[in-house]
Amino acid sequence: MTTHDARITRAAQLAANHPSAAPLLNFYAELARFQKPVFAELQSKSETHLRALVCHFPALIKLVSRSGTELLANFAAENLHGTDAQLELLSAVWEGGEAVVAFDPAGRFYARVLLQPFAEYLASRGDIQPSGAGPTCPFCNARPVAGVLRSEGDGGKRWLLCSLCSTEWQFRRVLCPGCGEENKDKLPIYTAAEFPAARVDACDTCQTYLKSIDLTKDGHAIPAVDEIATVALNIWADEHDYAKLETNLLGM
Ligand SMILES: [Zn+2]
Ligand SMILES: [Zn+2]
């Protein structure tokens, strides 16, 4: 797992190189700066209950009202009054499993900002076997937010990066994590010159995609952050009727 400091530094680098994605990257960096002490506190107190996250809501709501969208700020004003509502949201998203995709994206956003460091802390304690797993995270069962390509043996290997706890697990290259399609003719790969270390792994059977970040092409890439910097590829995929298998923290 990468540190929050590494993510914040990478977001600043990418914001300088990709001005069109800079507002998203700057907001992401602010969220990562917010998550860093949350993670540290959970770790220092060996805290494993969701209740420990509720005290961070006021600061998060303040951050969003300063730097986030009006839609997000309005959601908090209408739905996040009091600790009961806040804990309820956290529990619902944490326990929601596959149903979380049906949540209000704004509610999911607030929950994920806090659940990510929580899940990362739990994952850091757990003894996970990251190989031979299915299309969802072997630790927390969330969906992957991106693929990660590394040079290991012939042709390299693909890993999937958990959208919640940042666990990475190995996953076959020619296999759709959305529907299990194995026919490579149905699994086109798209690249763009602007992003040499990123690609769109699409599936023509279930019409979904995930982006992969190729660490053999950019060893400095941090997949969770580079995934946000390449938002132009999301727009391209959307225009070609591919739905993203899982959104990133910013809901994209
Ligand atoms: Zn996970
Ligand atoms: Zn598929």
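Guide: Gladly! Domain bounds come from an automatic or database domain assignment. For this protein, that assignment gives domain 1 (4–125) and domain 2 (144–244). This is a predicted model, in which local features need pLDDT of at least 70, side-chain atom pairs count only at pLDDT 80 or more, and totals for chains, interfaces and linings use all residues. Residues are numbered from 1 along each chain as its sequence is written, while chains are lettered from A and ligands numbered from 1 in the order in which they are written.

Visitor: How do you know which residues of domain 1 and domain 2 are in contact?

Guide: Two residues are in contact if their C-beta atoms, placed from the backbone, lie within 7 Å. By that test, 18 residues of domain 1 are in contact with 12 residues of domain 2. On the domain 1 side, helix 6 gives the most, with seven residues. Helices here are DSSP runs (H or I, at least four residues), numbered from the N terminus.

Visitor: What makes the 66 residues a nonpolar core?

Guide: Such a core is a set of buried Ala, Val, Leu, Ile, Met, Phe, Trp, Tyr and Cys residues joined through C-beta atoms within 7 Å. In the largest one, with 66 residues, Tyr-28, Leu-114 and Leu-115 touch the most other members. Helix 6 (residues 105–125) supplies the largest share, 10 residues.

Visitor: Why is this core said to lie between domain 1 and domain 2?

Guide: Both domains give residues to the core, so it lies between them.

Visitor: Why are Leu-72, Phe-75 and Ala-76 in helix 4 called buried?

Guide: A buried residue has 20 or more other C-beta atoms within 10 Å of its own, an exposed one has 12 or fewer, and partly exposed is in between; C-beta atoms are placed from the backbone. Leu-72, Phe-75 and Ala-76 in helix 4 (residues 70–79) are buried by that count. Seen down the axis of helix 4, its buried residues fall within an arc of 95° (taken from the directions from the helix axis to the C-beta atoms), so they line one face. Glu-70, Leu-71, Asn-74, Ala-77 and Glu-78 are exposed on the other side of helix 4.

Visitor: And what makes helix 1 roughly antiparallel to helix 2?

Guide: Axes are lines fitted to C-alpha atoms, for helices over the stretch in contact, and angles run from 0 to 180 degrees between N-to-C directions. Under 35 degrees counts as roughly parallel, over 145 as roughly antiparallel, 65 to 115 as roughly perpendicular and the rest as oblique. Helix 1 (residues 4–17) and helix 2 (residues 22–45) pack at about 170°, with axes 9 Å apart. That makes the two helices roughly antiparallel.
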